[in-house]
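Here is a quick tour for anyone meeting this structure for the first time. Take a look at the model, then read on.

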Amino acid sequence: MRSAEQIPCPCCSGHLRVIGSRQRGCIDSLGDKIILIIRRLRCVACRRIHHELPDMLVPYKRHIKDSIEAAVGGDPALSVTADESTLWRWRRWFWALAAYFLGCLTALAARYAIASVEGRSTLPRSALHRIWQLVGDAPGWLARVVRLVANANLWVQTRSAFLS
């Protein structure tokens, strides 16, 4: 793992300094709870605090990305230990943000002159297929989307204290 001093701040590209750690709970694909220790980092320039999340997590989601990816991608081979309402919320969350994710990925690909994984097609495709065109459809595609969007400081916070 790289030291925090080598990781630039996603907001201002300043240096990050470790200021501590915190526990972060998540639920794996078997339904077991896992407690992770997450480093807390503060930028010395803009003073913002960041949490260093592993690739297995999606910001603000309790379940690991493999479970969410299986539900969103409709992979029947993977079983997810979550109730139907949770699966429905994951799908609703993803499809509400799919166009935004696609726009972020397209802008990042243009900014860094990155070619898509597959050749361009003129056939109409769903937003998920266009996202897969940019990051690939192999397992772990959701982690690649999250990493690119979050590390570019483009992640949209979708939590609300007023949800029932």
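Which glycine takes a positive phi just after H1? That's glycine 74, and its phi is about 70°. One thing to keep in mind throughout: this is a predicted model.

## Helix H1 and its cover

Let's stay with H1, the helix made of residues 65-73. Most of this helix is covered, with 7 of its 9 residues buried. The buried ones are Lys65, Ser67, Ile68, Glu69, Ala70, Ala71 and Val72.

So what does the covering? Helix H2 (84-111) is part of the answer, and H3 and H4 are included too.

## How H3 meets H4

Two of those covering helices also pack against each other. H3 spans residues 127-135 and H4 spans residues 141-151; their axes sit 10 Å apart, at an angle of about 80°. Angles of 65 to 115 degrees count as roughly perpendicular, so that is how H3 lies relative to H4.

On the H3 side of the contact you'll find Leu128, Ile131, Trp132 and Val135, and they meet Trp141, Arg144, Val145 and Leu148 from H4. Sort the residues of this contact by type and you get 7 nonpolar, 1 charged and no polar.

## Salt bridges

How many salt bridges does the model have? The count comes to 4. Here are some of them.

Is arginine 39 buried or partly exposed? Its relative accessibility is 21%, so arginine 39 counts as partly exposed. Glutamate 52 is partly exposed as well, with a relative accessible area of 21%.

The side chains of lysine 65 and aspartate 66 form a salt bridge, at 2.5 Å from N to O. Lysine 65 has a relative accessible area of 12%, and buried means under 20%, so this residue is buried. Aspartate 66, at 37% relative accessibility, counts as partly exposed.

Another salt bridge joins arginine 91 and glutamate 84, whose closest N and O atoms are 3.7 Å apart. Arginine 91 is partly exposed, with a relative accessible area of 31%. Glutamate 84, on the other hand, counts as exposed at 55% relative accessibility.

Definitions and conventions
Residues are numbered from 1 along each chain as its sequence is written. Side-chain values use heavy atoms; hydrogens and water are left out. Axes are lines fitted to C-alpha atoms, for helices over the stretch in contact, and angles run from 0 to 180 degrees between N-to-C directions. Helices (H or I, at least four residues) and strands (E, at least two) are DSSP runs, numbered from the N terminus. Angles under 35 degrees count as roughly parallel, over 145 as roughly antiparallel, 65 to 115 as roughly perpendicular and the rest as oblique. Contact means heavy atoms within 4.5 Å. Ala, Val, Leu, Ile, Met, Phe, Trp, Tyr, Cys and Pro count as nonpolar, Asp, Glu, Lys and Arg as charged, and the others, Gly among them, as polar. Buried means under 20% relative accessible area, exposed over 50%, partly exposed in between (1.4 Å probe, protein chains only).
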